[in-house]
Amino acid sequence: MASASILNKVVSDGASVESVSSETVSVERLPPSGNSTIKENGGDTSIRSTSSHRERLEFSGWVYHLGVNSIGHDYCHFRFLCIRGKHVEMYKRDPHENPGIKPIRRGAIGHTLMVEELGRRKVNHGDLYVLRFYNRLDETKKGEIACATAGDARKWMEAFDHARQQVEYELSRGASVRNKLSMEDEIDLEGHRPRVRRYAHGLKKLIKIGQGPETLLRKASGIGANSRLNEYLDADSGDVVEAHEWRCVRTVNGVRIFEDVASSKNGKGILVKAVGVVEASADTVFEVVLNPERHSRYEWDTLTSNLELIDSINGHYDVVYGTFDPRYLTWWHSKRDFVFSRQWFRGQDGTYTILQFPCVHKTRLPKSGYKRTKINPSTWEISNLSKPFSLSSPKCLVTQTLEINLKGWFNWRNKHCQKFENTVPYALLSQVSGLKEYVAANPAITSESSTTIVQSNVSDHSGPISEFEDAEPAEEFYDAIADDSSSSSEDEDSDNGKEVPKEKKMKLKNISWAIASLTLKRTSAPDSDELDTNIPPINLDLSQFNGSMRRAKDEADKNCWSSPDGSGFMIRGKTYLKDSMKVKGGEPLLKLIAVDWFKVEECVSKVALHPKNLVQSAAGKKLPFILVINLEVPARPNYSLVLYYASDRPVNKNSLLGKFIDGTDMFRDSRFKLIPSIVEGYWMVKRAVGTKACLLGKAVTCKYLRQDNFLEIDVDIGSSSVARGVIGLVLGYVTSLVVDLSIVIEGREEAELPEYILGTVRLSRVQLDSAVALEV
């Protein structure tokens, strides 16, 4: 049986992984709990730097290599992983402490490979955060590694993404590089692997991820503390004009408590939130909030400190049982117990969101002597705060939001009554204060996460990477290398060397931006219009185009679509590169002419080629250009929401839209942006969906079909476990939701700003059973 491996058959357009010899299968067991220490050779690793006439980045650290061996047994090996330029190497020991050691696996990173967070998983009695690698062109090629903390998992994702962006840049330089990459050997991790030559790499920066064998399960490594990887993180309010109207009503122990004035007007319940700044990274705070360990929660959580994990649905979803004694709140109540589910995910901007719902579980009936109670639904949002590079201590903004009834709230807010301070909602709001003080009183929590970055003094000659220096700041991309399956046997080997250009200060997360700017470098002033103004527009008569979902008659209509203007969305303004200012969007460039709502057994792509599709109709073929967006929704059955946008003039080929339409998939992935907004609906769903723009090509698998007068984009939402979880929540409330979506091609050069809204859609209270079966 083939087994999963970190770099299982990583192949993509000449980007491959090469492996070497084999070893005896063994299982390295984790300690009994996530806070225990692994006793192995090693210890805390230190940071070193090597220099030569060329330089490149190296990321390295300890990981767990997960897989299944040839006889079907799971294994978990403790391995040291290095990413040098576009090459990945895996060792049994730290090569910086053991200079002669050879890698047991090696490979090159390809641009069609992706990395996905699978969330937390219990492995040999320890909770680990699992990353899956796969080739998006062939998902049978997959493998897994695991990290001790969510922070380490994030940093490895960023490291792989950075390496992948280097590969994209090299591929953008021309065919000679493609030919060179295609000559690299393909990895075969299922059998015996031949030995290969040893690589020698020059280093620009050496970044260690993880603190070594003895502390991996209890320490969060941090590229975060001093690294530029976190510079782009911010805590802005999102890319949608906020419908809430928050007003600060109290400040308690340095934490602000807000009420949503807009929600208080409906007379039912009111949204309340506590907001505080915690002197730690978002990764660290997320770990503290999610950790059910009783003794640590006793130090900051007055209500839900007695937690027990009773079910783990998947890596991003679990169910916990807890008890509390109301005597700490008021003396006359009996003891209480409760059950709630927790669902969490991390957005592209690095913000962690945790959703907590009261629920029922068959294994936990009310305890004898306890009264079952429902804890208020609540959410945690934990986001890093931007800081000057000179400041070493990370900070994050922690927000806890919950819905409560109006009884007692207004009296407490107006200081007419103190009884609210003896209630469960107040105890929940006080968790932010407790968390803030707990972290401040335990500096070891944050000090263990420090990482050093050493820059070598490299003499050098100029090279193309110097063009990255001016790349625009502040975005995060989640797309990386991939892998394949392997046996658990691993063996030692050597490497071989290559050199990469020039030393310059490089903004780590902006290489994709630089790639795009290199491929789109203009030699003259661009045409200001996206559409060809020299050709008169045609009349877009919507009556000629019919989809399976009908157009809305008015705002109160249900199970229908409409196309709002872009004023509800915030997009990059003309001066964004200088001041990061965003402006309200205007009228969409393309007109939404129809929407199809299909029900399918298996997710389908290339719907525009279907003979009955409107793109193939006589009226459709007369249109200058049609953008078809097929959102493949995973469910039982599966659904496809197909949006058709048309232009009334031909697209200017020298414009950003023109280059997106006829560009490479790599370029499209780096620019295709979706902004979601829940206009009406349950507030927890709004929090889950969020209001931040998402680069879809970096979050899920997107496939592109360019033919005739159309471009089709097939968005496989099911390719991401996080996206599957969010869409599952949305589908549960879809009949009561009004959802706005905005499509934008991201502008990254001054000539491409301000951005414009490419197209919008509003979906009003969609009925799942109204979906039409698609004839195959």
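**Close-up 1. Four aromatic residues gather in one cluster.** Trp62, Tyr64, Phe78 and Phe80 belong together as one aromatic cluster. For ring pairs here, the centres of Phe, Tyr or Trp rings (the six-membered ring for Trp) lie within 6.5 Å; planes under 30 degrees apart count as stacked, over 60 as edge-to-face, and the rest as tilted. Keep in mind that this is a predicted model, where local features need pLDDT of at least 70 and side-chain atom pairs count only at pLDDT 80 or more, while totals for chains, interfaces and linings use all residues. Residues are numbered from 1 along each chain as its sequence is written, and side-chain values use heavy atoms, with hydrogens and water left out.

Close-up 2. A pair of aromatic rings is described by the distance of the centres and the angle of the planes. Searching the whole structure turns up 16 aromatic pairs. One of them is Phe660 with Phe672, a tilted pair with 6.3 Å from centre to centre and 45° between the planes. This pair links distant parts of the chain, with Phe660 in helix α12 (residues 656-661) and Phe672 in strand β28 (residues 672-680), 12 residues apart. Helices (H or I, at least four residues) and strands (E, at least two) are DSSP runs, numbered from the N terminus. Both Phe660 and Phe672 are buried, meaning under 20% relative accessible area; exposed is over 50% and partly exposed is in between (1.4 Å probe, protein chains only). Next come Tyr682 and Trp683: their ring centres are 6.2 Å apart and their planes stand at 70°, so this pair is edge-to-face. Trp683 has 7% relative accessibility and counts as buried.

Close-up 3. The charged end of Lys273 sits over the ring of Phe258, 5.4 Å from the ring centre. Arg364 has its charged end over the ring of Tyr321, 5.4 Å from the centre of that ring. To count, NZ of Lys or CZ of Arg must be within 6 Å of the ring centre and within 35 degrees of the ring normal.

Close-up 4. Arg132 makes one with Glu116, and their closest N and O atoms are 2.7 Å apart. Arg132 is in strand β7 (residues 126-135) and Glu116 in strand β6 (residues 113-123), so the pair ties together parts that are 16 residues apart in sequence. Both of these residues, Arg132 and Glu116, are buried.

Close-up 5. Arg297 and Asp301 form a salt bridge with their closest N and O atoms 2.9 Å apart; Arg297 and Asp301 are both buried. Asp337 and Arg372 also meet through their side chains, in a salt bridge of 3.0 Å, N to O. Since Asp337 lies in strand β15 (residues 335-346) and Arg372 in strand β17 (residues 370-372), the pair ties together parts 35 residues apart in sequence. Buried or partly exposed: which is Asp337? Asp337 counts as buried, at 0% relative accessibility, while Arg372 is partly exposed, with a relative accessible area of 27%. Elsewhere, salt bridges with shared partners join Arg572, Lys673, Glu746, Arg748 and Glu755 into one network.

**Close-up 6. An open sheet of six strands.** The order is β30-β31-β26-β27-β25-β34, and the pairing is mixed; two strands pair if DSSP finds at least two bridges between them. Strands β30 (701-707) and β34 (772-773) are at the edges, each with a single partner strand, so one side of each has no neighbour in the sheet. Seven bridges connect β30 with strand β31 (residues 710-716), and the two run antiparallel. Here Arg706 stands opposite Leu711 in β31.

**Close-up 7. An open sheet of five strands.** This one runs β22-β33-β32-β28-β29, with antiparallel pairing. At its edges are β22 (560-562) and β29 (694-695), each pairing on one side only.

Key. A salt bridge is a side-chain nitrogen of Lys or Arg within 4 Å of a carboxyl oxygen of Asp or Glu.
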